[in-house]
Amino acid sequence: MEDVYKKPLKKLDRALRQVRTSIDPLVPTQLVQAFLAVALHEGMTLTDIAEKLDTNMSTASRQLLDLGERNRKLEPGYQLVDRNVDAMNLRINRYTLTPKGKLLAKQLAEICGE
């Protein structure tokens with residue numbers, strides 16, 4: 001492999017290791033992508049996030065539940081994402097990072113050099 005690829009791949013490897021250490025050693029990559037979607041676009045709705053993830057709303061909803069306080073089985077979730085009711089339309093939820101989620105996002109940004 002060319003040396004030009006090694007540095008970015010090492011950063012990616014460190015970032016994935018940080019995610020697995022902070023969240024769960026067996027965390028699915030789909031949950032990592034859902035976390036990153038919220039981190040990059042805080043305040044988005046479920047519809048927006050499903051669009052960003054190129055998935056349907058039920059899949060995105062399950063992923064966001066797993067990242068929240070309680071997962072879809074009502075067991076403790078990863079507590080990285082909060083769901084907040086939109087003040088202008090109570091039928092809409094907006095997703096933001098918890099303090100734990102913000103810390104992980106900061107750690108990942110530092111690893112990636114931003």
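## Sheet, helices and surface of a predicted model

In β3, T96 is the bridge partner of D82. The model is a predicted one. Five bridges join β2 and strand β3 (residues 93–97), and the two pair in the antiparallel sense.

The sheet as a whole is open and consists of three strands in the order β1-β3-β2, with antiparallel pairing. β1 (44–45) and β2 (81–85) each have a single partner strand and stand at the edges, so one side of each is left without a neighbour in the sheet. Across β1, β2 and β3 lies helix α2 (residues 29–40), which runs at about 95° to β3.

Away from the strands, two residues illustrate the surroundings of a loop and of a helix. N71 is located in the loop between α4 (57–67) and β2. Leaving aside residues up to four places away in sequence, N71 touches L65, D66, P76 and G77. With a relative accessible area of 14%, N71 counts as buried, because this value is under 20%.

L16 belongs to helix α1 (residues 3–22). Its relative accessible area is 35%, so L16 is classed as partly exposed, a value between the cut-offs of 20% and 50%. L16 also contributes to a nonpolar surface patch of about 470 Å², which is made by V4, Y5, L9, L12 and L16.

The accessibility of the two residues is set out below.

| Residue | Relative accessible area | Class |
|---|---|---|
| N71 | 14% | buried |
| L16 | 35% | partly exposed |

Methods. Residues are numbered from 1 along each chain as its sequence is written. This is a predicted model: local features need pLDDT of at least 70, side-chain atom pairs count only at pLDDT 80 or more; totals for chains, interfaces and linings use all residues. Side-chain values use heavy atoms; hydrogens and water are left out. Patches are made of residues with over 30% relative accessible area and no salt bridge: like charges are joined within 9 Å, nonpolar side chains (Val, Leu, Ile, Met, Phe, Trp, Tyr) within 5 Å. Accessible areas come from the Shrake-Rupley method with a 1.4 Å probe; for residues, only the protein chains shown count as cover. A salt bridge is a side-chain nitrogen of Lys or Arg within 4 Å of a carboxyl oxygen of Asp or Glu. Helices (H or I, at least four residues) and strands (E, at least two) are DSSP runs, numbered from the N terminus. Buried means under 20% relative accessible area, exposed over 50%, partly exposed in between (1.4 Å probe, protein chains only). Two strands pair if DSSP finds at least two bridges between them. Contact means heavy atoms within 4.5 Å. Axes are lines fitted to C-alpha atoms, for helices over the stretch in contact, and angles run from 0 to 180 degrees between N-to-C directions.
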